[in-house]
Amino acid sequence: MGINVSRQADLASNQLLQRFVGRSHVSPTDVEYWQKLLNYNITMPEDTQDQLNLDSRLESLCQAFISNNLKTGNFGSLITMFLTKASELLSLSDQESNMHIWQTFNALFIIRSLIKYIIETGSEFQLLQHFEAMPNEEFLRAEEEAAAVGVPPEVTTIAVEATEMESEATQTLKAAAAAASVMVDGSRFETFIDAIFNLIVVIPVKEFTYHLHLEAVNTLITLLSEHLFSQQPTEKSIIFRTVYKCQHANVLMSSLLHFVSRLVEVPQTMFGSSSAGSFVFGIAESLWSILSFRKQQDVLSSTYSTGAELSQQFRAHYPLANQSLLLILILTNHCTTKENSYRSSLFGCADSKDATAKDGGATFHIDFNAVYETLCRIVTIDQATLLLYLLLHRNERFYRFVMAQQDLEKLVTPILQTLYHAPDSTSHHIYMSLIVLLILSEDDSFNKNVHNIMLKNITWYTERTISEISLGGLLILVVIRTIQYNMLKMRDKYLHTNCLAALANMSGQFRNLHPYVAQRLVSLFETLAKKHTRLDAQLKEPVNSAVVVNVSTEDMLQDLTVLEEVLRMVLEILNSCLSNQLVYCPNLVYTLLYKRSVFEGFRSHHAFQDIIQNIDMVVGFFSSRLQRVQEQRGELGVNEVFEVISKGASQWSSDRLRKFPDLKFKYVEEDAPEEFFIPYVWTLVCKYGCVHFSSESIKGVTEISC
């Protein structure tokens with residue numbers, strides 16, 4: 001399991017491993033054997049190819065293990081050794097525990113490798129059988145008798161035809177092995193899960209414990225991956241039932257979220273440390289080859305990286321944070337239709353620095369600022385966006401905390417970068433990024449504050465050089481661009497809806513819009529209007545084929561309906577801004593005056609005429625003022641036009657406009673969210689996680705991409 005006798009030797013030839021997977025029982029009290037077996041150093045697989053290479057080298061050993069363990073119970077002996085060492089760790093000091101941590105990690109890595117093999121090739125029941133398997137007394141007695149007469153155990157259990165040369169002890173041992181049965185009550189498995197939880201929540205993360213925590217988290221992910229390889233419902237899974245009946249969900253979720261927020265970088269060596277009490281390995285150097293973790297030189301890039309690039313950097317430098325984040329998503333997105341203590345725990349946590357939340361019934365306390373800062377750094381990663389969504393949507397305390405931040409650009413700008421570089425992201429990531437913006441836009445203070453935050457030199461926005469723009473203006477530009485991208489590429493009605501809902505929520509607070517932003521708002525309507533005109537003309541054209549008419553007409557009518565809904569929404573956004581913030585948006589008024597002709601064809605359209613009346617009234621008011629001034633002064637320059645608009649705006653009364661309901665949209669999660677989130681989460685686990693699964697064996701969830 002990552003073990004190398006030498007750089008050239010095959011794992012399958014190692015005698016210690018052969019004995020473990022062989023046909024003889026290894027007692028947990030055989031201290032000498034376990035000391036030798038667990039004294040090794042490994043390089044953990046870093047990508048799918050590494051995992052495939054390791055899996056191929058372990059194949060014969062795993063097959064032998066499957067064939068023999070139900071009789072020998074050696075897996076149970078290894079579990080016992082792991083439980084003993086894990087228990088001892090909880091009472092040892094740092095200076096005493098390095099050797100224990102090393103061997104506990106090694107035992108757990110072997111256990112996880114075997115769990116992974118059984119889950120990918122067998123069933124959950126078989127896994128639990130191997131957990132509970134113990135050699136019965138008859139098998140052990142026969143093994144002792146065979147040893148007494150000098151018959152090697154490996155020989156006595158080989159399936160060969162009986163001959164008169166077979167000893168009585170050999171035949172007895174074979175019969176006992178064949179009769180061995182495994183009762184699965186799950187007790188040892190539950191004890192194992194409790195030990196994993198204890199490793200995660202009790203032992204502090206230090207340089208020489210880092211990989212033990214990582215391995216514990218990876219083991220839980222591997223166990224829960226049973227969902228990928230089985231078609232049984234989650235509620236019938238013993239693994240899921242055991243994990244989800246945990247009484248300590250709060251402390252586990254607290255630990256995992258702390259691992260994410262602290263962003264502790266992976267140590268350069270797995271257990272070595274220059275600090276006092278560190279253990280410098282020398283015991284196994286002659287037996288096992290020592291390989292160190294490969295480590296990239298660049299930490300998370302400060303410049304824009306695609307989500308995939310940043311995910312690779314995040315996984316390479318912060319694997320514990322990465323895996324903990326993925327485990328949080330797994331635990332919170334399964335079992336959403338019934339009591340899920342992990343989900344409740346995440347949604348009920350509070351800020352450790354908020355004195356008012358100390359006695360407010362919080363599930364646990366954590367430094368929200370640390371969580372916020374970390375999410376700002378990695379929010380362009382799919383899994384980080386998904387965690388941000390869960391916290392904003394379901395944790396009211398965290399939502400209020402974010403709304404109170406003065407540096408919202410640190411969070412919002414990377415999300416806008418994700419949307420701007422949409423071709424580099426998955427449709428799911430684009431969708432979740434928009435949902436986050438929609439949830440943020442539900443707060444009026446957010447909608448107001450984003451226009452007060454000024455940004456300079458947005459180099460990644462390449463369509464036009466903008467030396468300075470408000471965060472709100474940039475948000476409008478990117479969302480408009482997303483709408484246009486969706487019209488051309490994705491044609492997703494829900495994407496349109498969420499984009500426009502976010503703009504609509506903000507529209508009543510639009511202020512100091514950059515000239516280019518105002519142009520893009522009106523140009524969005526102009527582009528949609530041209531498309532509407534073309535589509536309407538196509539529907540009115542005579543066609544020759546009735547069959548073609550039926551098919552194409554239905555599609556075009558559907559497109560026209562969607563287009564009219566979008567056009568109506570854009571007009572409502574413009575109207576909302578004019579009704580509430582006209583005095584603060586002279587650039588929008590200027591653009592409407594300049595582009596007044598784009599509304600010509602819609603004044604008499606039943607779907608738009610009521611809302612266009614308001615826009616016409618604004619345009620008419622300022623047009624008449626400009627005309628009077630122009631008659632007095634002659635041709636006006638741009639500055640003079642803005643002077644007229646500013647003066648007119650101070651005298652304008654919005655009471656003359658027809659009243660429409662305030663534009664307020666609230667995100668509501670659809671029914672059966674598991675159908676969307678579970679395949680999405682497991683795709684992220686397979687694609688960006690440190691545990692690499694066999695994609696050929698996945699059958700429990702559709703639309704999983706590894």
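Colleague: In which helix do Arg568 and Glu572 lie, and how many residues apart are they?

Modeller: Both lie in helix H27 (residues 546–581), four residues apart, about one turn of the helix. Helices (H or I, at least four residues) and strands (E, at least two) are DSSP runs, numbered from the N terminus. This is a predicted model, in which local features need pLDDT of at least 70 and side-chain atom pairs count only at pLDDT 80 or more, while totals for chains, interfaces and linings use all residues. Residues are numbered from 1 along each chain as its sequence is written, and side-chain values use heavy atoms, with hydrogens and water left out.

Colleague: What joins the side chains of Arg568 and Glu572?

Modeller: Side chains of opposite charge can pair when their charged atoms come close. A salt bridge is a side-chain nitrogen of Lys or Arg within 4 Å of a carboxyl oxygen of Asp or Glu. Arg568 and Glu572 meet in such a bridge, at 3.1 Å from N to O. Salt bridges with shared partners also join Asp55, Lys116 and Glu120 into one network.

Colleague: How many salt bridges are found in the whole structure?

Modeller: The search finds 21. One of them pairs Lys353 with Asp367 (3.4 Å, N to O). Lys353 lies in the loop between strand S1 (350–351) and strand S2 (365–366), and Asp367 in the loop between S2 and helix H18 (368–378), so the pair ties together parts 14 residues apart in sequence.

Colleague: Is Lys353 buried or exposed?

Modeller: Buried means under 20% relative accessible area, exposed over 50%, and partly exposed in between (1.4 Å probe, protein chains only). Lys353 is exposed, at 61%.
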